[in-house]
Amino acid sequence: MERRLASKLGDEVRTMLPTPMAAQAVLDREYLEVRAKVLELAATFDRLERGGGVPIVDGRLKLVRQGLKVLLDETSDRAEQVQLIFSRPYDDDWQKGFGMAPPAAEKSEEE
Amino acid sequence: MYYFDPHIHMVSRTTDDYEMLAKMGCVGMSEPAFWAGFDRGSVDSFRDYFRQLTDFERRRAAQYGLKHYTWLCINAKEAENVNLSRDVIAMIPEFLDQPTVLGIGEIGLNKNTRNEAIIFLEHVDLAVRYEQSILIHTPHLEDKFQGTMMILDMLCDDSRLDRNRVLVDHVEEHTVRHVLEEGFWAGVTLYPVSKCTPQRAADMIEMYGPERLLVNSAGDWGPSKPTAVPDFIIEMRRRGYPESLIRRVVYENPIEFFSQSRNFQAPDTVEETIRT
């Protein structure tokens, strides 16, 4: 099964991209909102603590911690990485598991 | 700025919303068939629903000068019931010649089960046989990446499909690239918590450009904002982007995609009149 991991978007698409706002302008515009979001997360963690903490078997907090670590990475795809952390894994062999071979596979089996 | 909302469930909204959308520049909308909030019991309840979509909503929208279009299917949540799904799929052709039907949708996956995949494929086959466009729902939250990749696998396995006539909706940061790379249209849904914000939608335009990208509100009976597309317009203006780019995403792209459906007529707006 062909994997769709490498970007196929050509150079002609990249030249059509709008120019993003300068980083300083983004920070000036969004600093207070970011501050508020960090504060909300901090308050949520405090509530969990006051509530006695979450059992280790609840994996959701582990995912949240993994997501928070990504925020501090030096990378340009943090949003995509956070999305993947909170996603169920994809198995590209799923059709075999479902007994639903794609038409091409069925044809090659017949041949 | 005139805009067209490619995905909004007006059956769940009051007429006040039609009035508000008209005042905010909406000139038309496309409404896919979806889950009612409960599992319907029979094919006749779907037949009544399709009548509501193709007749009543069209007339309700017209009271405010809005053009209402629709898509037909049994949605992914109810697709777990294979027998009912097949009865509904067999009934859909009764409505395909109604004047506001654009195609088959919103089909897709919900929890990514085998039954959902089977019924998805049967809808795709129906669309191909009747030469219809397709509008696809991708799952929410933790199911989205897995479900989207499964959907792309099934679509790419069908060589009969014209990928330019397929809109894969509710894309987010981890799915948009895969959808666009395979040549499909991608819809970004501006919906609180479980989907995307206007800011993140604008980010995706920055990263991938406006080609084959649409934005929509998916306003329905849950917490949602039918005026989400105007929110996106404002965000794009705040970033200093030209009106031509914004208009491309919120008006020209939907018109281009929907014009492939034989029942679609582009709205007659002042902008169009001036341009000609």
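Are R40(B) and E78(B) buried or exposed? Select the two residues: both R40(B) and E78(B) are buried, where buried means under 20% relative accessible area, exposed over 50%, and partly exposed in between (1.4 Å probe, protein chains only).

Before moving on, a word about what is on your screen. This is a predicted model, in which local features need pLDDT of at least 70 and side-chain atom pairs count only at pLDDT 80 or more, while totals for chains, interfaces and linings use all residues. Residues are numbered from 1 along each chain as its sequence is written, chains are lettered from A in the order in which they are written, and side-chain values use heavy atoms, with hydrogens and water left out.

**Stop 1: salt bridges in chain B**

Stay with R40(B) and E78(B), which form a salt bridge with their closest N and O atoms 2.9 Å apart. The term means a side-chain nitrogen of Lys or Arg within 4 Å of a carboxyl oxygen of Asp or Glu. R40(B) sits in the loop between β2 and α2, and E78(B) in the loop between β3 and α3 (82-91), 38 residues apart. Helices (H or I, at least four residues) and strands (E, at least two) are DSSP runs, numbered from the N terminus.

Next, select R248(B) and E211(B), whose side chains meet in a salt bridge (3.1 Å, N to O). R248(B) belongs to helix α9 (residues 243-258) and E211(B) to the loop between α7 (198-208) and β8 (213-216), so the pair ties together parts 37 residues apart in sequence. R248(B) is partly exposed, at 23% relative accessible area, and E211(B) is partly exposed too, at 33%.

**Stop 2: helix α1 of chain B**

Now select residues 15-23 of chain B, helix α1. Which residues of this helix are buried? They are D17(B), Y18(B) and L21(B). On the face turned away from the buried side, look for the exposed residues D16(B) and K23(B).

Show the neighbours as well: the buried residues pack against β1 (3-5), β2 (26-31), α2 (43-62) and β3 (67-72) of chain B, with contact meaning heavy atoms within 4.5 Å. After the helix comes G25(B), whose phi is positive, near 105°.

**Stop 3: over to chain A**

Finish by selecting L27(A), found in helix α2 (residues 23-50) of chain A. At 49% relative accessibility, L27(A) counts as partly exposed.
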